[in-house]
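Please keep the sequence and the structure in view while reading.

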Amino acid sequence: IEDTSDMQAMLSYFNNPPFVAFASLMSTITLSFALSQRIPQFRLRNLPLKVFFNSFTAAACGALSQMCIKIVSTALRETFSGTSQCDEPAFVISLLGLAIFAPLQLVLLNTTLANAPVTFAVPLYQTLLIVLTI
């Protein structure tokens with residue numbers, strides 16, 4: 001396991017092209033799905049499919065939120081230690097991402113739980129979250 005305890009290590013992962021592609025794809029899918037569910041003619045009527053997409057997008061938000069909180073907390077820790085990292089673009093992007101994806105994760109997870117039995121929804125969400133954070 002590689003050390004990701006300092007901001008420079010975090011930035012090397014944050015700027016890695018496969019990660020940028022993953023984050024962009026998950027953001028696009030999540031925001032597109034969330035917005036499409038606000039438009040009546042695009043709402044999913046098939047309940048199992050709706051539960052799956054709500055769970056998937058909630059897990060994607062969870063994965064992105066975890067990444068954002070790691071960068072924000074690492075930057076703040078180094079800033080309080082004397083090396084200001086709050087002027088890094090990754091810090092600002094992560095702070096914005098955290099403000100968007102953490103609340104959206106809760107909304108999507110709540111929708112998942114409202115539309116499916118807990119015995120199905122929770123394992124589905126947890127499995128997807130683990131897969132997306134690997």
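Helix axes are lines fitted to C-alpha atoms over the stretch in contact, and the angle between two of them runs from 0 to 180 degrees between N-to-C directions. The model described here is predicted.

**The chain as a whole**

The protein chain holds five helices and zero strands. Read from the N terminus, its elements follow the order α-α-α-α-α. The C-alpha trace spans about 50 × 30 × 25 Å along its principal axes. The chain has 134 residues, of which 38% count as buried. Among contacts with a separation of 6 or more, 72% come from residues 24 or more positions apart.

**How α2 meets α3**

The axes of α2 and α3 lie 10 Å apart, and the two helices pack at an angle of about 135°. That angle makes α2 oblique to α3, because oblique takes in the angles that are not roughly parallel, roughly antiparallel or roughly perpendicular, and roughly antiparallel begins over 145 degrees. The crossing of α2 past α3 is left-handed. On the α2 side the contact is made by F19, A23, M26, S27, I29, T30 and F33. On the α3 side it is made by K50, F53, N54, F56, T57, A60, C61, L64 and M67.

After α3 comes G82, with a positive phi near 115°.

**The buried side of α5**

Which of its residues are buried? They are A121, L124, Y125, L128, L129 and L132. Seen down the axis of α5, these buried residues fall within an arc of 130°, so they line one face of the helix. The face turned away from that buried side carries the exposed residues T119 and V131. The cover over the buried residues of α5 includes α2 (17-36), α3 (47-80) and α4 (89-115).

A59 is placed in helix α3. With 0% relative accessibility, A59 counts as buried, because the cut-off for buried is under 20%. Leaving aside neighbours within four places in sequence, A59 is in contact with Y125, L128, L129 and L132. A59 and L132 are 73 residues apart along the chain, yet their C-alpha atoms are separated by 7.2 Å.

Q105 belongs to helix α4. Its relative accessibility is 15%, so Q105 counts as buried. What does Q105 touch, not counting residues up to four places away in sequence? Q105 touches A58, C61, G62, S65 and Y125. Y125 is also among the contacts of A59.

T74 is part of helix α3. T74 counts as buried because its relative accessibility is 2%. Beyond its neighbours within four places in sequence, T74 is in contact with S5, D6, M7 and M10.

How values were computed:
Residues numbered from 1 in each chain as written. Predicted model: local features only at pLDDT ≥ 70, side-chain atom pairs only at ≥ 80, totals over all residues. Heavy atoms only, no water. Buried < 20%, exposed > 50% of the residue type's maximum accessible area, 1.4 Å probe, protein only. Helix = DSSP H or I, 4+ residues; strand = E, 2+ residues; numbered from the N terminus. Arc of directions from axis to C-beta. Contact = heavy atoms within 4.5 Å. Parallel < 35°, antiparallel > 145°, perpendicular 65-115°, else oblique. Left-handed = near helix turned anticlockwise from the far one by under 90°.
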